[in-house]
Amino acid sequence: GAVGFLAGTYLRGIRWVSVPTTLLAQVDSGLGGKTAVNHELGKNLIGVFHQPVAVLCDVTFLKTLSRRDWISGFGEIVKYAVALKPSLYRYLERQSRHGLEPFFTNLKAIEYLVATCLKLKAEKVQEDELDQKGIRAILNFGHTLGHLFEAETGYDYFRHGEAVLWGMRGAVSLSVRRGVLSPSEGLKIDQVLSRFVVPRLFRDGRRATQQRFAARLKFLQRDKKTKNGVLQFVLLEEVGKAIVDQSVAQQELKEVFDWLDSLAESVD
């Protein structure tokens, strides 16, 4: 994040070592070389690619995390599972039925999750280091909408992985509406995602309006993944098979926002 950005710009770039101390950073952001800071116009808009010379993960750091930070980390773990690795998804689906707390004290299980996610990310980064071939784009599953939800709540309401969990629920719904994912499979995936309880989607309880949708659409059109004004979403054909879709209609997107907002309004 910010430290990597500083290392990448100070003296035109100095060597740095990534020592992530949160679950989210250990499974995702600590590796990959994407360094950036947020801007009021969007998430991570100011940044550079600057790879660390090493990434050191010690899961004993995680003993100090709050429950929300654990959930945030699992948001990224679930992303890898749903978008890339069916066996990991089945593992999380099975374990989450019994609650999440056992994970928080089982450091052996956490080591497995960290190693698995880092291996998956390293493979994609090696294939597409500068995110120019569309290969690494799959790692953005849930992030296009997740970044929007972070921005519209001022970057101080959601943990990143919490917003990504909402974003993945939106991406799954959009996949079903686009006809690329079966409704029955979409419902099963959404049920797993909903087990990772996160704060409501917005703070003020306002029902979605046309003005709200217009503001959201304007934000998405500034997203780094938007090409020549065409919105780009990572959707799901099945667990472990994510695709990039550039033909999402505004009406489909509005229907997804209306559905997500209705879920948020049902949360006390």
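Two strands count as paired if DSSP finds at least two bridges between them. Strands (E, at least two residues) and helices (H or I, at least four residues) are DSSP runs, numbered from the N terminus.

## A hairpin to start with

With that in hand, look at β5 and β6: they form a hairpin with 2 residues between them. Gly240 sits in the turn and has a positive phi of about 90°. Strand β5 covers residues 233–238 and β6 covers residues 241–245, and the two pair in the antiparallel sense over 5 bridges. One of the bridges joins Glu238 to Lys241 in β6.

## What you're looking at

This is a predicted model, where local features need pLDDT of at least 70 and side-chain atom pairs count only at pLDDT 80 or more, while totals for chains, interfaces and linings use all residues. Residues are numbered from 1 along each chain as its sequence is written, and side-chain values use heavy atoms, with hydrogens and water left out.

## The nonpolar core

A nonpolar core is a set of buried Ala, Val, Leu, Ile, Met, Phe, Trp, Tyr and Cys residues joined through side-chain atoms within 4.5 Å. Here, the largest one has 71 residues, and Leu23, Phe74, Leu92, Ile110, Phe149 and Leu253 have the most contacts inside it. Helix α3 gives the most to this core, with 10 residues.

Take Leu23: setting aside residues up to four places away in sequence, it touches partners including Trp70, Phe74, Ile110 and Val114. A contact here means heavy atoms within 4.5 Å.

## One face of α4

Helix α4 spans residues 86–96, and its buried residues are Leu88, Tyr89, Tyr91, Leu92 and Ser96. Seen down the helix axis, these fall within an arc of 160° (taken from the directions from the axis to the C-beta atoms), so they line one face of α4. They pack against α3 (67–84), α5 (101–105), α6 (107–127) and α9 (183–193).

Buried means under 20% relative accessible area, exposed means over 50%, and partly exposed is in between (1.4 Å probe, protein chains only).

## A histidine pair

His160 lies in helix α8, residues 160–178. It counts as buried because its relative accessibility is 17%. Its side chain makes a polar contact with the side chain of His143 (3.4 Å). That term means a pair of N or O atoms within 3.5 Å; within protein, one must be able to donate a hydrogen and the other to accept it, and residues adjacent in sequence count only if both atoms are side-chain atoms.
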